[in-house]
Amino acid sequence: MISRQDTARDAIRGAARGPVVTYGLIALCCAIFVVSPVSGLNPGHGLGDALLAAQEAYFEHWGVIPADLLSGSPRALLTPLTALFIHGSWLHLLGNMLFLYVFGAMAEERMGHAQFALFYLGAGYVALLVYAVANADSRQTLVGASGAISAVLGAFLFLFPKARVTSLFPFLFFLPLRFPAWAVLIFWFVLQWLAARNAGSGPGVAYLAHLAGFSAGFLYAWGRFRGGTRVRTSAAATEGESQP
């Protein structure tokens, strides 16, 4: 039998180690991107047309293709997990990693390392699966950690609604303003919803995956932590045009 005192001691030890899963995910995503043909830093992938062909093959192999995923093939069923670690550009990578760094650390410390890792992978899988179901005939590849990071934002909204975050809004000339987390994240969710309504079926940002991930993250946190204490600590975050 595990006593509450032992559980509390384990939680303190985990917090003392810091958000190792968040930092590990960031390091892994960055390392994969640097060696991939997308970064342009690995001469082994060639130049010009050869590089473009390598990039296309890379996305098709590791990314989610909705039509293939819904076919039920074993390899395709794994692609929502591999796609979480693949990014389409430097801006895509840096924007996602910024959000993960800011919001992931506190969410991980609240959930615990193992639970946060499983939550991240599971919610990311769900987000990409929802997008695939909604675009069942599409053969456009889908890559990026956006769905999983959106889930982290959703969980953060439930766990830390009173946290104060510093936000940079382009239409306010990038002035740093502090708002409650609930206001910033609900505003972000509404923007994603409006963008999803106007999004076409071609390549672009998978706003539906963002919405699905955010909803999954919020519902998970609500189901898992609604009986506990909701933390009201302050936090610093940066919001801008680079959205997950």
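Predicted model: local features only at pLDDT ≥ 70, side-chain atom pairs only at ≥ 80, totals over all residues.

Q: How many residues does H2 have, and how far does it reach?
A: H2 has 16 residues and spans 22 Å from its first C-alpha to its last, close to the 22 Å expected at 1.5 Å a residue.

Q: Which residues in H2 are buried?
A: Val21, Thr22, Leu25, Ile26, Cys29 and Phe33 are buried in H2. Looking down the axis of H2, those buried residues fall within an arc of 140°, so they line one face of the helix.

Q: And what covers the buried residues of H2?
A: The cover includes helix H6 (90-111) and H7.

Q: At what angle do H2 and H7 pack?
A: About 40°, with the axes of H2 (residues 20-35) and H7 (residues 113-134) 9 Å apart. That angle makes H2 oblique to H7.

Q: Which residues meet there, between H2 and H7?
A: From H2 you get Val20, Val21, Thr22 and Leu25, and they meet His113, Phe116, Ala117 and Tyr120 in H7. By class, this contact has six nonpolar, two polar and no charged residues.

Q: Switching topic: how far apart are the axes of H3 and H5?
A: The axes are 8 Å apart, and H3 (residues 49-62) packs with H5 (residues 74-83) at an angle of about 110°. So H3 is roughly perpendicular to H5.

Q: Which residues make that H3 and H5 contact?
A: Glu60, His61 and Trp62 in H3 meet Arg75, Thr79, Thr82 and Ala83 in H5. Here the classes come to two nonpolar, three polar and two charged residues.

How values were computed:
Residues numbered from 1 in each chain as written. Heavy atoms only, no water. Axes fitted to C-alpha atoms, helices over the stretch in contact; angles between N-to-C directions. Helix = DSSP H or I, 4+ residues; strand = E, 2+ residues; numbered from the N terminus. Parallel < 35°, antiparallel > 145°, perpendicular 65-115°, else oblique. Contact = heavy atoms within 4.5 Å. Nonpolar A, V, L, I, M, F, W, Y, C, P; charged D, E, K, R; others polar. Expected span 1.5 Å × (residues − 1). Buried < 20%, exposed > 50% of the residue type's maximum accessible area, 1.4 Å probe, protein only. Arc of directions from axis to C-beta.
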